[in-house]
Amino acid sequence: MIYTKLTTLLLILIFIYLYFKDSNSGSLVRRDFLIKRGIYYIIVWFVGITIDFVLPRLIPGSALASIIYSRIGGAGSNYGQNVQQEIQILVQQLGLAQYQQPLYIQYFNYLKEIVTLNFGVSLTEFPVSVSTIITEAAPWTFGIVIPAIVASFFIGNLLGRVAALSRGKISDYAILGLMMFLYTFPVFVTGEILIEVLAIDLHIFPTGGQYNTFQFLKPTMSLPFVWSVIYHAILPTLTLIIFSLAGWIMGMRNNMIPILQEDYMNYYRLMGVSEKMVASKAYRLALLPNFTSFSISLGYSVLGAVAIEYLFNYAGLGYFFNQAITGLDYPLLSGIFFMLVTAMVLSNFVADIIYTIIDPRTSQEETEGV
């Protein structure tokens, strides 16, 4: 869980710096705003990890029965009269006894795991620890999610800008039509279409996997291996980009059109400011709300990667998340959920701080109750 530790440490350092920066010079971010938002996000985080505990246990079935059944099989006759004894041995070996305890005891044990960042051993990948799985899987997921988010953010905002500036023209209708067309496709349908066309029919890209397992038995730092990783990541990344484009296009277009009609924009025009400069000013102002959505989209994209990684047989967080749900692997579900909730809360907090630095009126209005 080194990623969570480093991110938390970095956020604490930023918080301390901004806190004392405010007290010494009265600039950057108001101290009361930091405290208020910090308390708010701590509450949100606590509610999130509590939901993380409850949701897996609402899934029909029993983790205890599922794991025992998968280990001894449906034919208990192999164990004869000792089947119950074998089950008890298996329960102790896999650490399943805790799931026979009352829910409130399980919840306190879960909070203890969070404090120590030790979620135990995965039930479906036994005896591999949850921390090991997340540490190995996270780079693969972020390797396709982050490039996809960044690319879709810039491409979508640029297309949204073009649509806003050409409102009512052919280019506007063309972009809106493309957006509506892409928006109707679920992410797994988009992935299947890309696999069918670009991988199976045209043989341009591989159908799945993280790298060429016939050429490389294990990951290395060689250039051929790096190229193989990039080559195999193109289709999953492209799927995420296409899936995310519509939201950024519509968000930028809807943000920019009202700004272009504001009185101060008309004042700029009357003062002789070129339309290009007016459009540039409106674009920067319209980017602010989308910037906040950018941090939120990171967490949602990891969740969206569940279908993509399963479809492309890509062993990232989404792939193991799907495996954990299927196998009722509570420790692995808790570890991945905790990482996602923490990452989303931290990214939103950082986005609020940066947004406030960009536009100081935000913290002033909130602390004054406006």
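I started with residues 225-249, which are 100% helix and 0% strand, with the end C-alpha atoms 35 Å apart. Helices here are DSSP runs (H or I, at least four residues) and strands are E runs of at least two, numbered from the N terminus. This is a predicted model, where local features need pLDDT of at least 70 and side-chain atom pairs pLDDT 80 or more, while totals for chains, interfaces and linings use all residues. Residue numbers run from 1 along each chain as its sequence is written, and side-chain values use heavy atoms, leaving out hydrogens and water.

I checked the UniProt record next: the unreviewed entry lists "transmembrane region" for residues 39-59, 140-160, 181-205, 225-249, 285-312 and 332-355. Such annotations may be inferred rather than shown by experiment. I looked at residues 140-160 too: 100% helix, 0% strand, and end C-alpha atoms 30 Å apart.

Then I took helix α8 (residues 187-201) against helix α9 (residues 223-260): they pack at about 135°, axes 9 Å apart. Axes are lines fitted to C-alpha atoms over the stretch in contact, and angles run from 0 to 180 degrees between N-to-C directions. For contacts (heavy atoms within 4.5 Å), I noted Val187, Thr190, Gly191, Leu194, Ile195, Leu198 and Ala199 in α8 meeting Leu235, Leu238, Thr239, Ile242 and Phe243 in α9. I sorted the residues of that contact into 9 nonpolar, 3 polar and no charged, with Gly counted as polar.

Ile133, Ile134, Ala137, Ala138 and Thr141 of α6 and Leu317, Gly318 and Phe320 of α12 make the contact.

Last, I counted 13 aromatic pairs (ring centres within 6.5 Å; planes under 30 degrees apart stacked, over 60 edge-to-face, the rest tilted). Phenylalanine 53 and tyrosine 107 have ring centres 5.2 Å apart and planes at 70°, so the pair is edge-to-face.

Methods
Phe/Tyr/Trp six-rings, centres within 6.5 Å; stacked < 30°, edge-to-face > 60°.
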